[in-house]
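Let's take a walk through this one, starting with what it holds and ending with how part of it is tied together. Have the viewer open as you read.

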Amino acid sequence: MSAADLPEHLLRPRWHPALERDYAELSTTLERLLPCVEVPMHLPWIDAILQLKRERGAVIMAHSYQSPEIFHGVADVTGDSLALAQAAKDCGADLIVLCGVHFMAETAKIISPDTRVLIPDLRAGCSLADSIAAADVRALRARHPGVPVVSYVNTTAEVKAESDACCTSANAVQVVEAMGSDRVIFLPDRYLGAYVASQTAVELMLWDGCCEVHETFTAAQARHARERFDVRLVAHPECPPEVLAEADFVGSTSAMGAWLAREKPERVALITECSMADNLRLRFPDTEFIQPCNLCPHMKRITLPNIHACLRDLSGEVMVPAGIAARARRALERMLAVGRGERV
Ligand code: 13P
Ligand code: SF4
C-alpha cells in the first residue's frame with residue numbers, strides 16, 4: 001500500500017481518548033522511565049507505528065541505547081549489536097526497521113541480503129565507524145603481512161569487507177583468540193582494543209579510533225559516583241583504561257545485564273550511554289540506578305516521528321553493493337560462528 005492510500009489517522013497521528021485505555025499498561029511502564037507529561041505525547045505515534053508495522057509486515061529492532069518510548073513502545077527485538085545481528089539472520093522478515101545507527105542497519109542488510117532494511121535517519125552515524133576507511137585497513141595489511149584483521153562491528157561495510165572477522169564488545173576476546181595467530185590487527189577502538197589485549201595473550205596492533213560518548217568519562221567522575229552515592233560501578237570497555245580500573249565490572253551491553261542479574265546490587269552506576277539504565281531499570285526493580293547521562297547523538301537521531309515516517313513512506317533504505325556485501329558477510333559470519341562455538 002502506498003503512503004497516499006493509508007487512512008488519515010495513520011498518516012497524521014493525533015491524540016484521542018481511547019489511547020489512554022488501549023495503552024494503559026504501556027503508559028504505566030513508560031511513566032516509570034519518563035516524565036509522565038511526555039507519555040500521552042508518545043501514544044499517538046506508538047499506536048500509528050504499531051498499526052503500520054502490521055500493515056507492512058515489518059520487524060522493528062531497537063538497540064539498547066534507544067529511548068524508552070522506542071525500546072519499550074514499538075520494538076519487536078531489542079538488544080546489543082550482537083543480538084541484533086543474530087536476530088537479523090534468524091527473523092525471516094521481509095522488512096526490518098533498524099532503530100540504531102547506520103553500521104547496525106548495514107550489518108542487518110549484509111547478513112540478510114534479501115530483506116529490505118530501513119533506518120529512520122540515514123545520518124545516524126558513529127565516531128568509531130568514521131575513524132577508519134577501507135584504504136587504512138589495506139595499508140595496515142601491507143605493513144603487517146599475514147597478520148589477521150579483526151574489526152569491531154562499529155565499522156562501515158567497506159571496512160568489514162577488508163577484515164578477516166568482525167567482533168562486538170560481547171565476543172571480542174573469543175574472536176581474537178579464534179584467529180589462531182600470535183598477533184592480530186584490532187580496529188578501530190583503541191580503548192576496547194587495550195581492554196581486549198589485557199584479557200588475552202594475543203598481541204594486538206591497535207588503531208586510534210574512539211567512541212565520542214564513552215571516551216568522555218573520567219576516573220574522577222567514577223570515584224565521585226562511588227564516594228557520593230555508595231554505588232557499584234559497571235563500565236563499558238569503550239571507556240578509557242583509567243575509568244575501567246575504577247570499575248567493579250567491565251562488560252559489553254549484554255554482559256552488564258547478566259552481571260546485574262547475578263550480583264543484584266542495591267545501587268549501581270552504569271558508565272555507558274544514558275538509555276541503558278532506563279532500559280534495564282524495569283528488569284531490575286530492586287536496584288537503584290545512578291545515571292550519568294551521556295547521550296549518543298547518533299542513536300538519539302532516531303525518534304518515534306521518524307520511525308513512523310520511515311514505515312509510512314518506506315524511506316531510509318540501506319543498500320550495500322553486492323561485492324562489498326559478500327566480502328563483509330564472510331567477516332560477519334566468522335563472528336557468528338565463534339558465538340556458536342565453531343572453529344573459524
Ligand atoms: P554493543 O556492541 O555493546 O551493543 O555496543 C555498541 C555501541 O555502539 C557501543 O557504544
Ligand atoms: Fe558509536 Fe559511541 Fe554512539 Fe556507540 S555510543 S554508536 S560507539 S558513537
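Predicted model: local features only at pLDDT ≥ 70, side-chain atom pairs only at ≥ 80, totals over all residues.

Residues are numbered from 1 along each chain as its sequence is written, chains are lettered from A and ligands numbered from 1 in the order in which they are written, and side-chain values use heavy atoms, with hydrogens and water left out.

Start with ligand 1. Around it you'll find H63, Y65, D80, S81, N154, S169, H214, H236, E238 and T253, each with a heavy atom within 4 Å of the ligand. Sorted by class, that shell has one nonpolar, seven polar and two charged residues. (Ala, Val, Leu, Ile, Met, Phe, Trp, Tyr, Cys and Pro count as nonpolar, Asp, Glu, Lys and Arg as charged, and the others, Gly among them, as polar.) Domain 1 (3-126 + 299-313) and domain 3 (219-290) each supply at least three residues to the shell around ligand 1, with the bounds coming from an automatic or database domain assignment.

Now look at the oxygen atoms of ligand 1. The side chain of T253 has an N or O atom 2.5 Å from one, a polar side-chain atom of S169 is 3.2 Å from an oxygen, and for N154 the distance is 3.4 Å; a polar contact here is a pair of N or O atoms within 3.5 Å. On its own ligand 1 would expose 300 Å², and the protein buries 95% of that (areas by the Shrake-Rupley method with a 1.4 Å probe).

Next, ligand 2. Its neighbours are Y65, V101, C126, S127, L128, N154, C211, V213, E238, C296, H298 and M299. This shell comes out as eight nonpolar, three polar and one charged. Why does ligand 2 lie between domain 1 (3-126 + 299-313) and domain 2 (127-211 + 320-338)? Because both domains give residues to its shell.

Finally, the cross-link. The structure holds one disulfide, meaning a pair of cysteine sulfur atoms within 2.5 Å. C274 and C293 are the partners, at 2.0 Å from S to S. Their link is left-handed, with -75° about the S-S bond.

Key: Polar contact = N/O pair within 3.5 Å; in protein donor to acceptor, adjacent residues only side chain to side chain.
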